[in-house]
Each structure stands twice: as C-alpha cells, then as structure tokens.
Amino acid sequence: MPVKNQVKPDTILKTFWKNNQRFADLFNTVLFEGNPVLKPNDLQEVDTDVSSIIKFNGHAETVQRILDVVRKTAYGVDFIIWGLENQEKIHYAMPLRHMIGDSLIYLKEYNEIAAKNRKEKEYSTSDEFLSALKKDDRLHPVISLCIYYGEKEWDGPFNLLDMLVIPEYLKPLVSDYRMNLIQVRQSENLCFQNQDISIVFDMIRSIYNKDYETFHEMYKDKTMSTELGLTVGSVVKSQAIINEVMKMEEKRSEVDMCDALQRWFDEAVQKGKIEGVISTCRRFHISREETVRNLIEEFSLSKSRAEEYIKMYW
C-alpha cells in the first residue's frame, strides 16, 4: 500500500498563485480579455492579513480575515490592490465574504492615513479633524477575484443582491456588491498565455468531465513539473496522482501528463467498485466489521484505508 502523502489544497494553491507570471496572466485573461494590464514585474507582495477592529457607537469588535494571495501594482504615486481567493466548495455567503474582505482592505488604508494625519495635525477644517481625513485624501481601489475549483457547478450567489430577500422595485435602491468568480470546470473558453495555468485547468476539467480521450490527444507524450502535478492531484483529491508525483519527485523527473490522468481514472474505477461492494454489504445487512474484512481481502487495502472507505460510503 503506497504511503499516503498529506497535502492541503489551500496551501498548494496559495503557493501556485504566488508566482507573479501566473497571477498576472490570470487577472489579465479573466478580467481584461487577455490584454496585458498587469505586468509581472510590477506586482509587489502585500500582507494577506486584513484583520481589523470595528468600532461603532462605543462598541468594538475584532474581525479576522486572511486572504490567499494579495498583490499591489504601483502607477507613479498611486496603486491598485489585487486580491485572490481560492475556493474548494460552494459557499453561499461568498459575495458577502468578498465585500467584507475588500472593505477591510479599505479600512486598513483609512486607518493608516488617519493615523498619519493625527500625528501631523495639519487639518484645515474641523470636518477634516472629525474624519481624520483631509479633503483631498483618497483610498486606492481593490479588485478581487475568486477561483472556484469544485466539481459541482456553482449554484451559489454571484452578488450581494442574490443573497437578499427583496422586492424587484427596491433592487435599484440597494447598493449591490458583485463578485468576480471563475469556475475552473467551465473555463474552456479562457485562453491563458501561461502554460502552467492552461495545463492545470485542462487536467482538472478533463478529470471532472471524465474526458480522457480529448486530453490524451492534446497532451500525448507531454510532461509537467511535479509542482503542477501536485496542484492537480490536491485539487481533485486524487491520492493516486499525488503518489505518482511524489515518486517522480524522488527520481527528480517530470510527470507524464497522460499517465497521471490514467492513474486518476484507474483510482476512480476502483473507488466505484469499492462503493458497490459496500452498498451490497449494507443491502444484505452485513456488519461494518465484516465489510472491512471483505474490502481488505478483495482490494488489498490496509485496515485503516478500508475503514476510510466505510466512512465515505456506508
């Protein structure tokens, strides 16, 4: 039984998108139709912890929010904040999460400007003193993007209005907050310049669609780095792909893309058979303990692995 390598998709994806070439191409492709608005050399790393203290009418409350990847681009004395969030599962409050995250970035900058103004005490009017902002002080824009990696189609809200119970005639009066969302499973029309993104997205889509033949034609005899293989394996939760990648890592070799995908299909077929055995055992009222023994014998599983399948399919 291969060693089970413990990898967390969240950590793997954060590392993947910290690469400035990938980060820039993602935003350029999704938001700017491929135009090179963001340039990798212009991107600067920004603290991802935007937690803050909210004070209102004598009440104070801490709000913790840590984004996945945040970058800043500077244009002369001005700059823009770009935020990226990875999402494995459908989250029915995602627009609200994004609104809060963006708002905390604005609040963080406001607090920095206000602290500077209070220290320098160069207010022209009592109104400036009240807000701790000078009349010509400005905040900088925050643009966020959410990548959803799940197999199911996103059926959650896309904006704040989708989360509200509200009559149609009132909708124009409510300040909406739209979320920039990309679904990997529906990304076939996006033409990325960065090959790493194309490979990862193509493999994930092929796995979700069980489309081995098309992928084989596209990537026959081609390889990918162990980093990309680990990214794909962690997203689709394939132990077979992860183990294959780690084997190649030890050999300091690249991973055959079609071979990795084939291993996923073999793994999926085995899981289907195991689920069928468990279902049959339940139907005939065979005990969990006896079912575990059947799985160990039929599929050469360790006891702990067989028990994991029982938890999944019982």
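Helix 7 is followed by Lys-237, whose phi is positive, near 55°. Please select this residue to begin the tour of the model, which is a predicted one.

**Stop 1: Lys-237**

Lys-237 occupies the loop between helix 7 and helix 8. Its positive phi, near 55°, occurs in a residue other than glycine. For comparison, most residues other than glycine have a negative phi.

**Stop 2: Glu-33**

Next, select Glu-33, in the loop between helix 2 and strand 1 (43-45). Glu-33 also is not a glycine, and its phi is positive, about 50°. Glu-33 has a relative accessibility of 76% and therefore counts as exposed, the cut-off for that class being over 50%.

**Stop 3: Helix 7**

Return to helix 7 and select residues 226-235. How many of its 10 residues are buried? The number is nine, and the helix is described as mostly covered. The buried residues include Leu-228, Leu-230, Val-232 and Val-235; Gly-229 and Gly-233 are also among them.

To see what lies over these residues, display the surrounding elements. The cover of the buried residues includes helix 1 (9-17), helix 2 (20-31) and helix 5 (195-209). It also includes helix 8 (239-250), together with strand 8 (223-224) and strand 9 (255-256).

**Stop 4: Glu-227 and Arg-22**

Glu-227 belongs to helix 7 and Arg-22 to helix 2, so the pair ties together parts that are 205 residues apart in sequence. The two partners can be described by their accessibility: Glu-227 is partly exposed, at 33%, whereas Arg-22 is buried, at 5%.

**Stop 5: Further salt bridges**

The count for the protein comes to 13 salt bridges. One of them joins Glu-120 and Lys-116, whose closest N and O atoms are 3.2 Å apart. Both residues lie in helix 3, four residues apart, which is about one turn of the helix. An α-helix has 3.6 residues a turn, so residues three or four places apart point the same way. Glu-120 is partly exposed, at 35% relative accessibility, and Lys-116 is partly exposed, at 48%.

Select Glu-168 and Lys-171 next. Their side chains form a salt bridge of 2.9 Å, N to O. Glu-168 is exposed, with a relative accessible area of 60%, while Lys-171 is partly exposed, at 27%. Then select Asp-10, Lys-14 and Asp-68, which are linked in a network of salt bridges.

**Stop 6: Glu-109**

Now move along helix 3 (residues 94-120) to Glu-109. Which side chain of opposite charge is nearest to Glu-109? It is Lys-72, 8.5 Å away. Glu-109 is buried yet has no salt bridge, because a salt bridge requires the nitrogen and oxygen to be within 4 Å. Leaving aside neighbours within four places in sequence, Glu-109 is in contact with Phe-79, Arg-138, Leu-139 and His-140.

**Stop 7: Gln-87**

Select strand 5 (residues 78-87) and find Gln-87. Gln-87 is buried, with a relative accessible area of 10%. Apart from neighbours within four places in sequence, its contacts include Met-94, Arg-97, Cys-146 and Ile-147. Tyr-148, Tyr-149, Gly-150 and Trp-154 are also in contact with Gln-87. As a distance exercise, select the C-alpha atoms of Gln-87 and Glu-275: they are separated by 27 Å, and the residues are 188 apart along the chain.

**Final stop: the whole protein**

Finally, display the entire chain. The protein has 11 helices and nine strands. Its radius of gyration is 25 Å, well over the 20 Å given by the globule rule for 314 residues, so the protein is more spread out than a compact globule. Along its principal axes, the C-alpha trace spans about 80 × 45 × 40 Å.

Of the 314 residues, 40% count as buried. The protein exposes about 18500 Å², and carbon and sulfur atoms supply 51% of that area. Among contacts between residues at least 6 apart in sequence, 64% join residues at least 24 apart.

Technical notes:
Residues are numbered from 1 along each chain as its sequence is written. This is a predicted model: local features need pLDDT of at least 70, side-chain atom pairs count only at pLDDT 80 or more; totals for chains, interfaces and linings use all residues. Side-chain values use heavy atoms; hydrogens and water are left out. Helices (H or I, at least four residues) and strands (E, at least two) are DSSP runs, numbered from the N terminus. The radius of gyration is taken over C-alpha atoms; the globule rule is 2.2 Å times the number of residues to the power 0.38. Buried means under 20% relative accessible area, exposed over 50%, partly exposed in between (1.4 Å probe, protein chains only). Contact means heavy atoms within 4.5 Å. Accessible areas come from the Shrake-Rupley method with a 1.4 Å probe; for residues, only the protein chains shown count as cover. Lys and Arg count as positive and Asp and Glu as negative; His and the chain ends are not counted.
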